[in-house]
Amino acid sequence: MGEAVLAGSLRAGVVPAHVVATGRRAGRVAEVAERHGVRGILDNVEAVRDADVVVVAVKPKDVAGLLASVGDALAPHAVVVSVAAGLSAAFFEDRLPAGQPVVRVMPNTPAAIGAGMSAVSAGTHASAADVATVLAILSGTGDAVEVPEAYQAAAGALAGSGPAYMFYVLDALAEAGVAVGLSRELATRLAVQTMLGSARLVAETGEHPALARERVTSPGGTTVQGLRALDAAGVRAAFIAAVEAARDRTNEIAAELEA
Ligand SMILES: NC(=O)C1=CN([C@@H]2O[C@H](COP(=O)(O)OP(=O)(O)OC[C@H]3O[C@@H](n4cnc5c(N)ncnc54)[C@H](OP(=O)(O)O)[C@@H]3O)[C@@H](O)[C@H]2O)C=CC1
Ligand SMILES: O=C(O)[C@@H]1CCC=N1
């Protein structure tokens, strides 16, 4: 996820020579540095020194240790951006020098190609200008929206995890195509373009998805039979259960690590 945000920031106009990427494996750091033309180092303390913006993209369980090691080296104005699922801005603030600006972001992996969706929430000490800086950086990752922090778990359960649900649907649709006699290559091509086109149609027309669905569903036709099968299988309820389960897990991560 960190590399996807890095790629987006460069697309937004951040100068590669101004970016330092860190990691804990030399091979991985070198790979990222070479791919994006940025400086790659293994020393987190050195990386944050003089930084205006620090993006923390390690697993939630690794955040506390990382903050303990770099906190003292941060410039007071440095905006610490968290993409960690579950962890509140307060979790960061409690482990950083007093007054450090923190912005919480829940991105998703299509950010890697500039087609991501991010939910952004300001911490206690982040100014409107800090949030604007983060939104400007994220503009190269796709769309971004500012939300109250209370919505982060729900937004992450829908859009942060959402690409996995979409890939699941693509895989299932392609498999369905194979089941009715198409080659896997053709079935995958049909499924991918159908998902892409349908999302774009709703995005570009602003039409409610239910109306767009009705427009496809001819009376006595084929689609209504397909939709009946989806309803009979409880697919709508399964999506609601999936987002609820991901939201609940987000809150569990917070409870486990913030305790
Ligand atoms: N994947 C996704 O779709 C999304 C992820 N997120 C969040 O992004 C964060 C990262 O997730 P993800 O990219 O999937 O995880 P990854 O494990 O792929 O990435 C984390 C990276 O951080 C490195 N790392 C761990 N500890 C340190 C450290 N102390 N110093 C420097 N680098 C370190 C890891 O190194 P190593 O390779 O050696 O393990 C790894 O390369 C998580 O907090 C997650 O909640 C948010 C939205 C979507
Ligand atoms: O699965 C996860 O925990 C991360 C957060 C959102 C998407 N991937």
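Trainee: Which residue just after H11 takes a positive phi?

Mentor: This is a predicted model, and its helix H11 spans residues 223–232. Just after H11 the phi is positive, at about 70°. The residue concerned is Gly234.

Trainee: Of the 10 residues of helix H11, what is the number buried?

Mentor: A residue counts as buried if 20 or more other C-beta atoms lie within 10 Å of its own. Helix H11 lies largely in the open, because the number of its residues that are buried is zero.

Trainee: Is Thr217 buried, exposed or partly exposed?

Mentor: Thr217 sits in the loop between helix H10 (209–216) and H11. Leaving aside neighbours within four places in sequence, Thr217 is in contact with Thr223, Val224 and Leu227. The C-alpha atoms of Thr217 and Leu227 are separated by 8.7 Å. Because Thr217 has 13 C-beta neighbours inside 10 Å, the class is partly exposed.

Trainee: How many helices and strands does the protein have, and what part of its residues is buried?

Mentor: The C-alpha atoms of the protein fill a box of roughly 70 × 40 × 30 Å along the principal axes. The secondary structure comes to 12 helices and seven strands. Of the 259 residues, the buried part is 30%.

Trainee: In what order do the five strands of the open sheet stand, and which strands are at the edges?

Mentor: The order is S3-S4-S5-S6-S7, with mixed pairing. Strand S3 (53–56) and strand S7 (142–146) each have a single partner strand, so one side of each is left without a neighbour in the sheet. Neighbouring strands of this sheet are turned against each other by 25° on average, direction ignored. The edge strands are therefore S3 and S7.

Trainee: In which sense do S3 and S4 pair, and in which sense do S5 and S6 pair?

Mentor: Between S3 and S4 there are four bridges, and Val81 in S4 is the bridge partner of Val55. Strands S5 (residues 102–106) and S6 (residues 116–122) also pair over four bridges, and Met106 stands opposite Ala119 in S6. The sense is parallel for S3 and S4, and antiparallel for S5 and S6.

Trainee: What hand has the β-α-β unit that S3, helix H4 and S4 make?

Mentor: Helix H4 covers residues 60–70 and belongs to one unit with S3 and S4. The two strands pair in the parallel sense. The unit is right-handed.

Trainee: Which residues of S3 point the other way from Val53 and Val55?

Mentor: In a regular strand the side chains alternate between the two faces of the sheet. In S3, Val53 and Val55 point one way, and all the valines named here are buried. Those that point the other way are Val54 and Val56.

Trainee: Which helix lies across S3, S4, S5, S6 and S7?

Mentor: The helix in question covers residues 128–138 and runs at about 170° to S6. Its name is H6.

Trainee: What does UniProt place at residues 150–252, and what share of the span is helix?

Mentor: An unreviewed UniProt entry annotates these residues as "domain: Pyrroline-5-carboxylate reductase dimerisation". The end C-alpha atoms are 15 Å apart and the strand share is 0%. The helix share is 83%.

Key
Residues are numbered from 1 along each chain as its sequence is written. Chains are lettered from A and ligands numbered from 1 in the order in which they are written. This is a predicted model: local features need pLDDT of at least 70, side-chain atom pairs count only at pLDDT 80 or more; totals for chains, interfaces and linings use all residues. UniProt positions are given in the numbering used here, feature names are shortened, and annotations may be inferred rather than shown by experiment. Two strands pair if DSSP finds at least two bridges between them. Axes are lines fitted to C-alpha atoms, for helices over the stretch in contact, and angles run from 0 to 180 degrees between N-to-C directions. Two residues are in contact if their C-beta atoms, placed from the backbone, lie within 7 Å. A residue is buried if 20 or more other C-beta atoms lie within 10 Å of its own, exposed if 12 or fewer, and partly exposed in between; C-beta atoms are placed from the backbone. A crossover is right-handed if, with the strands pointing away from the viewer, the path from the first strand over the helix to the second runs clockwise.
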